[in-house]
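Please find below a colleague's note on the structure shown here. It is meant for someone who has not seen the model before.

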Amino acid sequence: MALQNRDAYRALEDIVSPENISEHPAVLDSYAYQWGAALFTNTPFLPRAGAVVLPGNTQQVQSIVRACNKYNVRYKAFSTGWGFYSALGLDETAIQMDLRRMNQILEINGKSMYAVVEPYVTSGQLQAELMKRGFNLNIIGAGANCSALPVAAHQGLGHTSLSTSYGPRNLLGAEWVLPDGDILKIGSVGSGAGWFCGDGPGPSLRGVLRGPQTVMGGLGVFTKAATKIYPWSGPSQPEIEGISPRYSLKDMPKNMNLHYVVFPSWDIFIDAIIEVAQAEICFAITRLAPPMLAQGLSGNNDEGAELLIKLQEQIQDRPGFCLIIAGNSEAEFAYREKVLKKIVADKAGSFIDYFKDEDVKREYIWGIARSTIAIREVFRATGRFLGSIGDSSMFLTSFKMMVAGLPLKRQLQEKGLVRGDEGLDCIWGTPIENGHNGHAESLVQVHPTGESWQAVMEYSGRCEDMAIEDKYPAPVTVWGDASHDKWGPHLCDYHLWLRKFKKEFDPKGVSEPAMYISAEGQK
Amino acid sequence: MKKKEALTGIIGKDCVLDTKEELDAFSRDSSFANPIKPRFIVKPRNTDAVQKLVKWANETGTPLIPVSSGAPHFRGDTVPSSGGAIIVDLSGMKKILRIDHENRIAIVEPGITFNDLIPELEQKGLRLNMPLLPRNTKSLVGSLLEREPVTMPQYHWDLTDPLACTEIIYGNGDLFRTGSAAGPGDLEEQWEVGAAQNEASGPVQADFSRIIQGAQGTMGIVTWASIRCEHLPVLEEPFFIASSKLDSLLELCHHLINGRLVDDCLILNSTNLAHILEKEGSPEYETIRTSLPQWVLFYTITGKKYFPEEKVKYQIEDSSKHARTLGLEPVRQLGDASAYELLRILHGPVTAPHWKVRAKGSCYDIFFLSTSDRLSRLSTITKDLAVKNDYPVPEMGIYIQPQVQGVSYHCEYTLFFDPDDPSETASIRELSMTCFDPLANGGAFFSRPYGPWAEFAYRRDTQTTIGLRKLKNIFDPNNVMNPGKLCFYT
């Protein structure tokens with residue numbers, strides 16, 4: 001189905017030229033095909049948009065948004081895209097805006113520790129440039145193939161967030177085409193002073209632009225942003241060996257090490273992970289359950305299953321986490337290793353032998369630094385996942401909530417509605433900013449059926465109910481009117497303020513709100 | 001009289017003040033803001049009273065000006081911009097609601113000063129990421145809401161730090177809690193499951209605390225805030241590095257912060273360092289100042305829970321290596337200045353009178369954010385402006401503070417002056433009005449614009465002005481909260 005409003009189509013075509021707009025069903029289906037679509041349609045496809053438009057620069061984005069306001073056509077922009085978020089809510093009366101032509105790294109400022117990127121710059125691309133200069137960035141768990149724009153991912157957490165923070169706090173200046181088509185430059189860039197600051201003058205409009213979660217296409221289009229960058233202690237031009245998906249560092253860096261440590265109980269595990277995080281000795285700490293380790297360190301599902309048996313012989317159901325230590329000098333590296341050994345000994349922990357193998361270390365260090373293994377951990381077994389996703393305030397509460405939800409997950413697994421995880425927990429998590437904050441997720445690998453999706457959604461919903469009942473913080477999967485209406489009354493009615501933002505900044509309601517909030521609420 | 005009766009009913013009999021002396025004290029400050037006398041001063045003791053007051057102000061169209069710090073005030077933000085205003089003096093709300101060692105969080109009401117909290121934190125093995133020597137009457141919550149710079153850049157991940165969550169009565173009278181404090185449940189219920197009100201952002205798809213910070217009380221009244229703290233070190237070693245070249249020190253700062261080698265890290269010129277160190281029994285200010293080089297970098301290296309001596313040892317070696325690469329040498333003593341003494345002053349209780357008024361009775365600060373590569377040029381611009389306005393450059397204090405782990409630098413030029421000298425005062429006033437454009441054109445970002453700077457700052461950024469007015473309309477639709485400040489004119 002083509003875009004219903006033909007005047008709007010012609011206006012959009014005039015803006016981007018005919019080669020950058022399409023309403024061909026095959027093209028539109030390539031956007032409508034989404035893992036997770038079955039959740040809404042019981043098919044692999046979401047409804048097609050009326051057209052897809054590919055702007056090449058901010059001015060074109062602005063013109064498109066203005067045309068959408070004029071013709072009352074809803075729009076949703078996405079950058080690299082990941083899941084149903086980028087297309088949900090569209091139909092033949094709305095357009096998909098694909099920002100792939102906006103793919104430039106605009107600035108890397110090593111002295112001021114930031115980089116400015118357009119939406120289609122991936123984290124992998126930016127990281128490659130940064131590493132050459134001795135820097136790194138926070139890469140989200142969804143992988144290095146995702147946008148480096150710190151307002152693109154729905155949350156912005158990754159395996160190195162312990163030392164590289166996460167989305168809401170890494171964002172600096174930003175260029176934002178507002179839902180009505182005006183261009184707002186957030187922070188210092190709005191005053192013509194450069195991209196180094198995202199707050200001010202006075203109160204910060206960054207507060208509207210995102211929270212722990214982004215607005216997910218529901219409040220205009222972000223066309224450029226500065227992200228904070230971090231020091232990188234590893235090799236500046238790492239030599240890589242292996243074949244996809246198992247790339248590895250060719251040489252083991254002398255100033256880096258990887259360990260997997262386990263502890264006798266969940267309580268001690270939580271104590272230990274927080275203690276190590278607060279000791280300020282690690283580049284990364286990432287809680288990976290054995291099934292996730294096995295999938296991340298194998299080439300296919302069969303290899304993964306074999307490896308899991310081997311790992312379990314050593315791990316023996318003890319909760320553990322993976323960590324990378326890096327030092328800028330020999331003495332620093334030695335000190336950090338010594339502190340780790342002391343904490344592990346104090347907490348009656350053990351180092352797992354499998355991870356003492358240098359080949360494993362080289363592969364896993366690169367996989368975590370590059371965030372290339374994360375997807376295998378959750379996707380490869382069934383091709384899709386969801387789960388109970390915690391908040392980003394504290395590791396302790398987030399993790400406790402995930403553990404509390406495990407019996408519910410087991411029920412689904414016993415009924416065969418979702419993949420079994422071999423009876424293990426499949427909880428991922430990480431402390432953030434040296435343990436000041438933290439996050440955890442209990443992941444469920446979903447079968448490609450509507451029944452499986454419905455089961456996992458029911459599980460997520462019951463975990464949310466439990467969180468509300470027990471006063472655990474809100475998860476970072478609160479989006480759309482129904483979800484906001486569920487959580488809002490328990491969170492100081494924030495959803496009513498959010499609706500006011502939507503109304504003030506998007507008076508015509510044309511920025512598609514399915515993943516954000518509508519001004520008027522559920523119809 | 002009706003208003004007074006109503007206020008007495010809301011706040012309590014002894015908490016509504018309107019004597020001439022009391023009102024006069026709030027009608028002006030040390031800035032050049034036009035004096036306007038408030039109608040009343042009220043001293044609420046709890047959140048409920050604040051909420052009732054804000055609702056009453058909406059019904060009666062009465063401007064409210066929240067003030068949590070004691071005098072002297074320097075920025076003009078607590079001076080009413082219109083007649084009939086009520087000063088909401090929060091200095092009596094002095095509860096420390098919680099200190100949580102495990103999660104490194106403290107929660108305090110707005111009347112708590114640095115001196116109130118620091119000893120309590122120390123008992124629990126914690127410390128604050130402090131601004132540089134705040135006055136003894138300065139509210140901790142006030143400092144956080146103003147986004148004042150802090151001296152430990154490695155623990156300053158975001159410009160909003162170390163503020164975490166807040167409770168606020170918005171301008172329309174609604175109570176709200178920002179960040180992870182929003183819920184579910186009240187504070188006690190959250191503590192019961194182990195939560196600690198430590199996530200500033202949120203709830204969910206907005207970051208409400210960012211809208212409150214930097215707002216100069218124009219969005220609402222904060223009734224408590226939670227603060228990120230750090231573990232108290234076991235060992236702490238201070239160092240000075242001197243140079244006549246600012247750029248060399250900035251280069252070193254970059255390496256020290258990137259290596260996460262230092263805790264405190266700041267640069268002072270000789271004037272500021274001498275003013276900070278001068279005290280009874282020590283050499284006079286001028287003697288100290290002339291014994292110092294032009295620029296001094298001060299940093300500390302700390303050891304904490306695990307093997308503190310070993311950590312300090314390697315960090316001293318690594319930081320010294322960076323310094324020597326740039327031809328610089330860390331020392332403990334520079335002329336009459338001792339690094340240990342500065343450390344003691346920076347981390348000790350705040351004393352009165354404030355070091356900035358001790359010198360000549362008053363001061364005017366020109367401050368902004370920028371990047372390290374622009375600071376030398378901005379320093380030259382400021383000095384040229386001072387010369388043009390007959391201000392003696394050697395008397396100008398300069399403080400440079402790396403922020404957000406070295407992303408940006410807070411630059412603060414302090415012009416010490418005698419408020420009873422009309423000619424000096426006129427010269428400083430002129431400078432305050434003329435400094436904005438040359439500095440902004442040179443790359444200075446006035447992220448915290450007070451007084452006339454607000455007008456200049458928002459003139460440069462129309463879209464931000466429009467956006468902020470939308471927010472003001474949402475949170476304070478009747479414009480009762482500190483009207484006339486920032487871009488919120490009546």
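This is a predicted model: local features need pLDDT of at least 70, side-chain atom pairs count only at pLDDT 80 or more; totals for chains, interfaces and linings use all residues.

1. Residues are numbered from 1 along each chain as its sequence is written, and chains are lettered from A and ligands numbered from 1 in the order in which they are written.

2. The contact between the chains takes 74 residues from chain A and 74 residues from chain B, where two residues are in contact if their C-beta atoms, placed from the backbone, lie within 7 Å. On the side of chain B that touches chain A, the elements giving two or more residues include strand S9 (175-177), helix H8 (246-258) and helix H11 (308-325) of chain B, and the largest share, seven residues, comes from H18(B). Helices (H or I, at least four residues) and strands (E, at least two) are DSSP runs, numbered from the N terminus.

3. That side of chain B divides into 31 nonpolar, 25 polar and 18 charged residues. Here Ala, Val, Leu, Ile, Met, Phe, Trp, Tyr, Cys and Pro count as nonpolar, Asp, Glu, Lys and Arg as charged, and the others, Gly among them, as polar.

4. Within chain A, helix H1 (residues 6-16) and helix H4 (residues 58-71) pack at an angle of about 170 degrees, with their axes 10 Å apart; H1(A) and H4(A) are therefore roughly antiparallel to each other (angles over 145 degrees count as such). Axes are lines fitted to C-alpha atoms, for helices over the stretch in contact, and angles run from 0 to 180 degrees between N-to-C directions. Among the residues that meet are Leu12(A) and Ile15(A) in H1(A), and Ile64(A) and Ala67(A) in H4(A).

5. Most residues other than glycine have a negative phi, and most peptide bonds are trans. Met216(A), however, has a positive phi near 50 degrees, and Cys426(A) has a positive phi near 60 degrees. Met216(A) is buried, with 24 other C-beta atoms within 10 Å, and Cys426(A) is buried, with 27; a residue is buried if 20 or more other C-beta atoms, placed from the backbone, lie within 10 Å of its own.

6. In chain B, a cis peptide bond joins Asp161(B) and Pro162(B), with omega about 5 degrees, and Pro162(B) is in the loop between helix H5 (140-145) and strand S8 (163-170). Another cis peptide bond joins Gly202(B) and Pro203(B).

Methods
A residue is buried if 20 or more other C-beta atoms lie within 10 Å of its own, exposed if 12 or fewer, and partly exposed in between; C-beta atoms are placed from the backbone. Angles under 35 degrees count as roughly parallel, over 145 as roughly antiparallel, 65 to 115 as roughly perpendicular and the rest as oblique.
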